[in-house]
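User: I would like to learn how to read a structure feature by feature. Can we go through one together?

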Amino acid sequence: LEKPISPEEILKAVSYELNRPQKPEAKILIVDDDYQLLAALSSLLVPWGFQVKTLADPQEFEETLGFSVPDLLILDIEMPGFSGIELCQVIRGDPRWRELPVLFLSAHHNPEIIHQVFAVGADDYVQKPIIGPELIARILNRLERTRILKRFAEIDELTGTATRHKSILDLERLIRLAQRQNQPLCFIILDLDHFKQVNDLHGHEVGDRILCQFGRHLKQFFRSEDIVARWGGEEFVLGLYGMTREQGAKRLNEFLNIWGQQKFIHQTFQVTFSAGVAEYSQDGAKLQALYSAADAALYQAKEMGRNRVLI
Ligand code: GH3
Ligand code: MG
Ligand code: MG
Ligand code: MG
Ligand code: MG
């Protein structure tokens, strides 16, 4: 049996050498009214492989960010019309940009201003004059921390499938796409059968290994563009773009058979699952409605004796 990924292994996999950018394609936007400084920063950052974009007029800020969100933002404090502190407030108040790393660059030594910078949600503050290696190290560290946090927020550690948080964002995006392109979207809830008994009879560790296997097989079986997520506990969800209820149920029944034939090493028992299937837009136009419809079908599947897929 494959083991779940440990936090140590994840950290080892993402560790990097400081003299080589981990994310050379990272996009950095610098907002500063000082053209000379913008040029100097560009010539410092570009050789490291960063895609640098500069903006001297803070008024154009929202338009620029709305067009393309960078991986990191460098802000000046004092600029005509709009201060960096005000810009940071706008960013932190907008769900599109809330998680964007923001680094301030300023000559200020005033403790009150430095406090204010962090109070509005800055991630870092670098004092001018700029020390090249320090700025580079701070940028690389920030990008790396962001990447690790994103990984934990988006990938379920035990099963390698998407987290509930990530799947909600992706499902809502696919629902919008289905609406625009007039396509169906099949939404499925899967729940392992009598899983409490598995834990009670064989122990929690065996339960964990089965969950891990189940998630991995599920992910392998469906298309790479399909949504496969662990909703919580021993419950998973699927989002199959362009598929009707019937097409989704047919595909899942194939998986039910394959999963049922799995012979686990050291394991003499079978763990089955039940599933409920719903479809956009037949069962509703919102994720909430699709979830309710699929959950009702899942309840029926359990009532009828489990180990089955119901529409
Ligand atoms: P049913 O067929 O009606 O779904 O029965 P069930 O026992 O699967 O349902 P119930 O909701 O009563 O229990 C779910 C169990 O799944 C309870 C919990 O111990 C177990 N479980 C949830 N998350 C995990 C996990 O991460 N690891 C392990 N080993 N067990 C888990
Ligand atoms: Mg300035
Ligand atoms: Mg269950
Ligand atoms: Mg359950
Ligand atoms: Mg339920």
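Analyst: We will take the ligand shell, a helix pair, the cores and some backbone details in turn. Keep in mind that this is a predicted model.

User: Start with the ligand. Which residues around ligand 1 are the closest?

Analyst: Asp193, Phe195, Lys196, Gly207 and Gly233 are the closest of the 15 residues that surround ligand 1. Next, ask which elements supply the shell. Strand 6 (185-192), helix 8 (195-202) and helix 9 (204-221) each give at least two residues. Helix 9 has the largest share, with four.

User: How many residues of that shell are nonpolar, polar and charged?

Analyst: The shell around ligand 1 holds seven charged, five polar and three nonpolar residues.

User: What should I look for in a core?

Analyst: In soluble globular proteins, nonpolar side chains tend to be buried together. Here the largest nonpolar core has 41 residues. Phe187, Ile188, Ala275, Val277, Ala294 and Ala297 touch the most other members. Contributors of at least two residues each include strand 6, helix 9 and helix 11 (287-303). Another core, of 28 residues, lies apart from it; Leu41, Leu55, Leu73 and Leu105 are among its members.

User: Which residues does phenylalanine 187 contact beyond its neighbours within four places in sequence?

Analyst: Phenylalanine 187 is in contact with Gly239, Ala278, Tyr280, Leu290 and Ala294.

User: And the backbone?

Analyst: Most residues other than glycine have a negative phi, and most peptide bonds are trans. Look for exceptions. The bond from lysine 128 to proline 129 is cis, with omega near 0°. Another cis bond joins tyrosine 280 and serine 281, with omega about 10°. Serine 281 sits in the loop between strand 9 (273-280) and helix 11.

User: Where is histidine 194, and what is its phi?

Analyst: Histidine 194 is in the loop between strand 6 and helix 8. Its phi is positive, near 45°. Histidine 194 counts as partly exposed because it has 14 C-beta neighbours inside 10 Å. Asparagine 307 also has a positive phi, near 55°.

Technical notes. Residues numbered from 1 in each chain as written. Chains lettered and ligands numbered in written order. Predicted model: local features only at pLDDT ≥ 70, side-chain atom pairs only at ≥ 80, totals over all residues. Near = placed C-beta within 6 Å. Nonpolar A, V, L, I, M, F, W, Y, C, P; charged D, E, K, R; others polar. Core = buried A, V, L, I, M, F, W, Y, C linked by C-beta atoms within 7 Å. Buried ≥ 20, exposed ≤ 12 C-beta atoms within 10 Å, placed from the backbone. Contact = placed C-beta atoms within 7 Å.
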